Amino acid sequence: MSSRDDQKPDFESGGVHEVDLDQVPGELAMLPLRDTILFPHAILPLAVARESSVALVHDAVRERRVIGVVTQRDPAIDDPVESDLYRVGTLTHIHKMFKFPDGSLRLVVQGVQRFRVLQVTQYRPFLRAKIELLREVVAPEHEIEVQALAQSAQGLFQRVVELSPTLSDELAGLASNIQEPSRLADFVAGSLQSLTTAQKQELLEVLDVRARLERVNKILAKDLEVLEVGNKIQSQVKTELQKNQREYYLREQMKAIQKELGEGDDQQREIAELREKIEKCGMPDEPHKKDALRELDRLSKMSPAAAEYTVTRTYLDWLTAMPWQKRTEAEIDILKAREVLDNDHYDLEKVKDRILEYLAVRKMKPDIKGPILCFAGPPGVGKTSLGRSIASAMGRKFHRISLGGMRDEAEIRGHRRTYIGALPGQIIQGLRRAESKNPVFMLDEVDKLGMDFRGDPASALLEVLDPEQNHTFKDHYVDLPFDLSEVLFICTANVLDQIPPALRDRMEVIRLAGYTEEDKLHIARRHILPRQLDNHGMKDVDIAFGDEALTKLAREYTREAGLRNLEREIASIIRKVARKRAEGHTETVVVTPEKVEEFLGAPYFMRDEMEERTVVPGVVTGLSWTAAGGEVLWIEATQMWGKKGLTLTGQLGEVMRESAQTALSWVRTHARELGIDDSFFERIDIHLHVPEGAVPKDGPSAGVTMATALVSMLQGRPVKARLAMTGEISLSGRVLPVGGIKEKVLAAHRLGVKEIILPRRNEKAVKEDLPENVRNELKIHLVSTVEEVLALALPPGEPVTVTPPQGPVAGMSTN
C-alpha cells in the first residue's frame with residue numbers, strides 16, 4: 001500500500017433502514033455533542049475525536065448501530081457527567097462511518113426518536129444511560145389548527161430561504177415535500193442558523209406538535225422581518241450610491257462649464273478646500289460628515305455677498321478645526337511622571353498618588369475613561385498650578401477655563417447658530433485651542449458659578465462631568481455629538497458646600513488642606529525664591545535668605561494656609577534690596593530675622609498672644625474652619641448680676657447659638673458634680689463672646705470650647721496654656737466628630753499650640769491626614785466625653801465654688 005493510500009480513510013456502511021422502536025433496549029450508549037442538536041429524521045455528519053466517543057462508536061457499529069445523542073450544556077467540558085447533559089436527546093442510527101489514520105472518526109447519522117435520560121449508569125469507557133422514549137402529542141381537537149400552522153410555517157420558511165444569503169434554495173423544496181407537521185417543525189428548526197443551541201434544545205423538548213409549530217412560526221416571522229429590513233437597507237444603499245454617482249458627474253460637468261466661462265473660480269476653490277478639510281478632519285461618524293457636506297452644498301449655492309454665507313463659512317471652519325481624532329499620544333512613564341510632579345510641587349502626596357494610579361491603569365488599559373477630579377482647599381495651596389504639572393507629567397496639552405462669576409449656560413454649551421455673533425461654548429473652544437481631544441482641562445473656581453435668567457452653568461456641567469454621558473456631548477453651536485470621555489477634567493474649589501450636590505457627586509474630591517511651616521520653608525527655597533529673583537532681575541549673589549528669616553516670615557507675617565502672602569512678603573523684601581542695588585550698593589544682602597523687621601516693620605502676629613489671652617478664667621482657645629483654611633478663635637465667658645440671662649455676641653450663626661445653649665444646659669445639669677452651686681443661674685446672667693465680631697461665625701464645632709469656657713468661668717480656674725480644642729457637644733455630654741481636622745490642627749500649629757483636644761471619632765483623620773512632623777510636635781488628646789475635656793483643659797485642683805454676686809457687676813470669690 002502506497003503512502004498516499006495510508007492517508008485514505010477506511011469506510012464502513014450500515015445501510016439505510018428503519019429502526020424497530022420496539023427492539024430498542026432501555027439502556028443505550030450516550031454520545032455527547034458540543035453545540036449541536038440532532039432532530040428526529042434529520043441526517044447529520046458528525047466528527048468524533050474523544051477517546052470515549054470513539055470507543056462508543058466502535059462498540060455500536062459491532063452491534064445494532066443505534067445510540068443515544070444528547071447535547072452538553074457547556075461545550076468546553078471534555079468529560080461530561082450527568083448534570084452536564086440536557087435531559088432530552090435523540091435516538092440515532094449510524095448510517096456510515098469513516099476511520100482516519102489519526103484515530104478520529106467521521107459519521108453520518110440520522111435522528112429517529114426523542115427520548116429522556118432517566119439515569120446515567122456508566123461513565124467508562126463511555127457513557128451509558130437508562131432512557132425513556134418520548135411520543136409526540138397531537139390532540140384530536142387541534143388537528144386542523146396543526147395543519148394550518150404547518151402550512152404557515154412552510155410559506156414563511158420559503159420566503160426566509162429566498163431572502164437569506166446563507167440558506168440553500170434546495171431547503172425550500174425539501175420543506176415543501178414534508179407532509180407530517182411534526183417532521184416539518186423539526187426540519188425547519190434544524191435548518192435555521194439564527195437559533196442558538198439552547199433555543200434548538202427547547203424546541204427538541206417540546207412534545208406537543210401544536211406548541212412546537214407555534215414557536216417555529218414566531219421564530220420564522222421574526223427572521224423574515226429582519227431579512228426584509230436588511231434587504232430594504234441594501235436597496236437604499238444601492239440607490240444612494242447611484243444618486244451620488246449621478247451628482248458627481250453633473251457636478252464635474254458644472255465645474256467644466258464654469259471653468260470655460262471663467263466664473264466662480266475663487267469661490268469654487270474655497271469650496272474645494274473646505275471639502276478637502278471635511279474629508280480629512282476625521283469626523284467619527286458618517287452622519288456627521290453628511291451634515292457638514294450638506295452645509296457645504298448650501299454654501300456653494302450662496303452668493304458670497306449674502307449674510308448667511310459668512311455664518312455658514314464660520315460654522316464649517318469650526319467643524320473642520322475641531323480635533324475629532326487628534327490625540328496627544330505620549331508614552332506613559334510612571335517614574336518620569338513622578339519626577340515631574342515632585343519637581344513642580346512639594347508634598348501633596350495624595351494628589352500625586354491618584355494621578356500616578358490613573359496613569360498606571362491607563363498603561364494597562366489605554367481606552368480607560370478619564371477621571372473627574374476636584375481639588376478642594378484654601379487659596380494659595382497650588383490647586384491651579386498642580387493642573388499644569390499633571391498635564392506635563394502625562395505629556396498632554398493643558399487648557400484652563402475660569403468659571404468664577406459665570407452666569408450664562410451658553411458659556412458652557414454655546415449659542416445656537418440662529419443668534420448673531422453665535423460661538424461655541426468654552427468646552428469646544430478649549431478643545432480647538434488645545435488641538436487635541438484628550439487634553440487636561442482645568443475648570444477653575446467651580447464653586448463660584450452663578451445663575452440668572454440666562455440659565456444655570458452648573459446644570460450644563462452635569463453632562464460635561466459625567467463619564468457615562470460626556471461621550472456624546474452636544475454643543476448648541478456645533479450641533480454634533482463630540483466625545484469628551486478622553487478629556488481629564490480637573491476642577492478646583494475653595495468651598496464644596498457651594499457646589500450643587502448633583503455636580504459634586506460626579507467629582508472625586510481630593511482635599512488640599514494647607515502647608516506646615518516646614519513645608520513653606522521647603523517651597524520657599526525650591527520655588528518661590530528662584531521665581532521672585534528671576535521676576536525682579538536679581539541673582540543668588542545679590543540676596544540670601546536664612547532659614548530663620550523665612551520661618552519668621554511664615555510665622556509672624558503670614559499666618560495662612562497657602563503661600564500667596566508669603567510670596568508677597570518675599571517679593572517686598574527683594575524689591576527693597578533691588579532698590580539698594582540700583583542706588584549703588586553692591587554687597588550681598590543676607591536677610592536675617594532682624595533684617596525682616598527692618599524691611600517689613602513690626603510683625604503682624606505675635607506668638608505669645610495665646611498665653612496672654614488665656615490667663616483669665618473663662619477664656620478658651622477654639623478652632624474653626626473657613627474657606628481660607630483653619631483659624632484659631634477665642635471664646636470668652638463672663639458673669640454678672642442678673643437672673644437666667646444668656647447673651648451671645650460675635651455675629652454667631654444659628655447653629656453656633658444652639659451649641660451655646662446646649663453647653664449651658666449640660667453645665668447646669670452637672671453643676672453639683674463640677675462643684676458649682678445648683679442654683680447659680682438663678683442669680684446671674686452669662687455673656688459668651690467670640691472676638692472679631694465683624695466676621696460671621698457658625699457651626700457646631702465650638703460646643704466643647706463653650707462648655708469649657710463656662711466651667712472655667714464658674715470655677716474660677718484658667719485653662720491650661722497653649723491648649724486648643726474642637727468638637728461638637730451633645731446634651732448627654734458626648735463629644736461628636738467634626739470636619740476640617742487637618743486645617744484646624746495646622747492653624748493651631750502655626751499659632752504655637754502645644755496640646756489639642758479632638759473627638760475620638762476623628763482618630764482616622766488624625767492618623768491619615770496630619771503630617772508626621774505635626775503629630776510629633778503636638779500632643780493630641782482624643783476624647784469621647786465632656787468630662788475628659790475638662791480633666792485635660794483645667795489644671796488639677798478642687799473646683800472653686802462661686803459666691804452669688806453682691807452688686808450690679810458680678811464678682812467671683814473662691815473658697
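The model is predicted: local features need pLDDT of at least 70, side-chain atom pairs count only at pLDDT 80 or more, and totals for chains, interfaces and linings use all residues. Residues are numbered from 1 along each chain as its sequence is written, and side-chain values use heavy atoms, without hydrogens and water.

Select Lys474, found in strand 11 (residues 473–474). Strands here are DSSP runs of E with at least two residues, and helices are runs of H or I with at least four, both numbered from the N terminus. Lys474 has a relative accessible area of 39%, so it counts as partly exposed (between buried, under 20%, and exposed, over 50%; 1.4 Å probe, protein chains only). Next, show Arg413, Glu463, Asp479, Leu480 and Pro481, which Lys474 touches, not counting residues up to four places away in sequence (contact means heavy atoms within 4.5 Å).

Now move to the open sheet, where seven strands run in the order 19-20-18-17-21-24-25 with mixed pairing (two strands pair if DSSP finds at least two bridges between them). Its edges are strand 19 (645–649) and strand 25 (779–783), each pairing on one side only. Strand 24 (residues 755–759) pairs with strand 25 in the parallel sense over five bridges. Pick Ile756: its bridge partner in strand 25 is Ile780.

Then select helix 24 (residues 703–715), which packs on the sheet and touches strands including strand 20 (684–689) and strand 21 (723–725). Finish at helix 25 (residues 741–751), which also packs on the sheet, touching strand 17, strand 18 and strand 24.

Key: Axes fitted to C-alpha atoms, helices over the stretch in contact; angles between N-to-C directions.
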